[in-house]
Amino acid sequence: MIDELAWEDVAPRPTRSYWGMVARRFSRHHLAMASLVVLLLIALASALAPALAPYSPNQPDLSAVLAPPGGHHLMGTDNVGVDLFSEVLYGGRISLMIGLLSALVAVGLGSLVGSVAGYYRGWVDAVLMRVTDVALSVPLLFIVLLLALLAGPKPSTVIFIIGATAWMVPARIVRAQFLTLCEREFVEASRASGQLDRRIIVREIFPNAMAPLIVNATLLVGQAIVIEAVMDFLGAGLSPPNISWGWLLNQAQSYIAEAPWLSFFPGFMIFIVVLAVNLVGDGLRDALDPTMRL
Amino acid sequence: MARFLTRRLLQAVPVLLGISFLLFVLMHAMPGGPLAMYVQQPGMSKDRLAQLAVQMGLNKPVWVQYTEWLAGVLHGNFGYSYIYNEPATTMMLQRFPATMELMLTAFVVSVVGSFALGIFGAVRQYSIWDHLITTLSYFGMAMPTFWLGVLMLILFAVDLHWFPSGGLSSSTGPSGLGDRLRHLVLPASTLAVFLIAQQSRYVRSAMLEVIRADFVRTARAKGLGERVIMWRHALRNALIPVVTVMVINAAFLFGGALVTETIYSWPGMGLLFINAIQQADYPVIMAIVSFLSVVIVFANIVADMLYGLLDPRVRLS
């Protein structure tokens, strides 16, 4: 029956790179793709805030105080007549930037701790994992607020505080990956060829440990945006000119009865971004998981 | 079990000491130190500040202050509030029942809700209800607690007047259990939504895993009723991973209580902490953070113990 087989059946499938395959699998996840588009649109709109905002975010207009949404003000105005839509656009810059950078700080710190612990093992591993346990046993939100009180409300300190309190899960993920990868032949080969530890960790093992880390990093962006907003909401975060969605919600607290839209829109933006980030994370997890084949 | 418990408790000691020492050093490293609040007061002179520092023992080296603080803590004394001059322990314990009332209600609601939704979703996998529950849980997980709380406050308290907008109970008018429950509805549901959303996912996937297991097929083959299979066989095994998550979540409810208590002016520990942060009232801050660290460390131990109790295959050693 062999001659009945078409050439296509036995021909080796064109080899695709791992990341090419991941991108292909991800693009088939419609919900994740749609979420990615939404995220990119929101990021783009925030980045272009100076061009897109119909009003200046610090231009009071006393003729339009607490105007409801619609007409000239898409999302209404606040107690001094500042256009909320413009504020939300500008707020997105800070919220998204802090979310992204704090997640990067957390992943960077976590990767450092996790790779050193997983590569060197022994007492280094024991000490670092105990520290991770300690960091996981503190009431995080309380510590974040305390640190914000101590360090002052600057975007850079907020990024550092969130990053410094969120590195534990990435550290555990990277360590677990390193523990298994270090047993593999290619690491053995690199060692035998006399490469430096640093080079083996960074160039050989880490790229292979990326998959679960990427999923976690995605979710961390959403978490960081929420934590930043909680800090602002509880009055322990930023202050103008660094307005963020959380800060807008904090300001809206005094007007929940007269102007509920002031609370609705900034929170809605956080909700949509976190939802989209979670869905992108799901899509990435499915796309990166080599056990799932399409 | 006893050996496991002793070991875990002994391990917890350095962890807690480490946390408290770090916090202590951090607070003293900040510009202005613990007296920063007093510096801004009108009519404050350098002499008076130095006098205050001596009075509060702040002129001693940090490690001496720490050992003195620790000695006090072991006797249940967290020092005196800088603002109210009351013992921080008393202030914290006064607020404790209100927070427990809120957290326990939210926790019970979330456990009941997540089991109901999770089991339903697993039993009717891929039905329209399962999809609906899944969609809602995605929404619930993405919804920031502070936003949900404010929206519920606007809708149910400000617009519809169904529930009061804050506080433990009414200062005037009807009081008693009914009144307290009415005050509890909004804050407790705000706190429970995220937990229900997250935990129902765990319950669903744990149930789906056991439903396909061999022992469930065996039970079916023996001709047992579907109800007995679900409750006696499947659920008991699905409980194991879920309970661990729930116990650890219970400890982290305190974080949610910070937000919820602020929105609904619920006079609990969360609100006390926010006030202490705003006033830089360090003894109170230290008391609350230390207390919560103990709670979280113990919740982790309890979760591990429950894991061992529920699953005889897990040996605790």
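This is a predicted model: local features need pLDDT of at least 70, side-chain atom pairs count only at pLDDT 80 or more; totals for chains, interfaces and linings use all residues.
1. Ala280(B) is buried, with 22 other C-beta atoms within 10 Å. Most residues other than glycine have a negative phi.

2. Tyr126(B) is not a glycine, yet its phi is positive, at about 65°. Tyr126(B) is found in the loop between helix 5 (88-123) and helix 6 (128-142) of chain B. Is Tyr126(B) buried or exposed? Tyr126(B) is exposed, with 9 other C-beta atoms within 10 Å, whereas Ala280(B) is buried.

3. For chain A, the secondary structure comes to 14 helices and 0 strands. Its C-alpha atoms fill a box of roughly 80 × 60 × 30 Å along the principal axes. Chain A has 294 residues, of which 43% count as buried. Among contacts in chain A with a separation of 6 or more, 71% are between residues 24 or more positions apart.

4. One helix pair in chain A may be examined in detail. Two packed helices are described by the angle between their axes and the distance between the axes. Helix 9 (residues 168-181) and helix 12 (residues 210-233) of chain A pack at an angle of about 170°, and their axes are 9 Å apart. Angles over 145 degrees count as roughly antiparallel, and helix 9 of chain A and helix 12 of chain A are therefore roughly antiparallel to each other.

5. Which residues meet between helix 9 and helix 12 of chain A? From helix 9 of chain A come Val169(A), Pro170(A), Ile173(A), Val174(A) and Gln177(A); helix 12 of chain A supplies Pro212(A), Leu213(A) and Asn216(A). By class, this contact has 6 nonpolar, 2 polar and no charged residues.

6. In soluble globular proteins, nonpolar side chains tend to be buried together. The largest nonpolar core here has 154 residues, and those touching the most other members are Val144(A), Leu145(A), Val230(A), Ile285(B) and Ile288(B). Leaving aside residues up to four places away in sequence, Ile288(B) touches Phe142(A) in chain A, and Met92(B), Met269(B), Leu272(B) and Phe273(B) in chain B.

Definitions and conventions
Residues are numbered from 1 along each chain as its sequence is written. Chains are lettered from A and ligands numbered from 1 in the order in which they are written. Helices (H or I, at least four residues) and strands (E, at least two) are DSSP runs, numbered from the N terminus. A residue is buried if 20 or more other C-beta atoms lie within 10 Å of its own, exposed if 12 or fewer, and partly exposed in between; C-beta atoms are placed from the backbone. Axes are lines fitted to C-alpha atoms, for helices over the stretch in contact, and angles run from 0 to 180 degrees between N-to-C directions. Angles under 35 degrees count as roughly parallel, over 145 as roughly antiparallel, 65 to 115 as roughly perpendicular and the rest as oblique. Two residues are in contact if their C-beta atoms, placed from the backbone, lie within 7 Å. Ala, Val, Leu, Ile, Met, Phe, Trp, Tyr, Cys and Pro count as nonpolar, Asp, Glu, Lys and Arg as charged, and the others, Gly among them, as polar. A nonpolar core is a set of buried Ala, Val, Leu, Ile, Met, Phe, Trp, Tyr and Cys residues joined through C-beta atoms within 7 Å.
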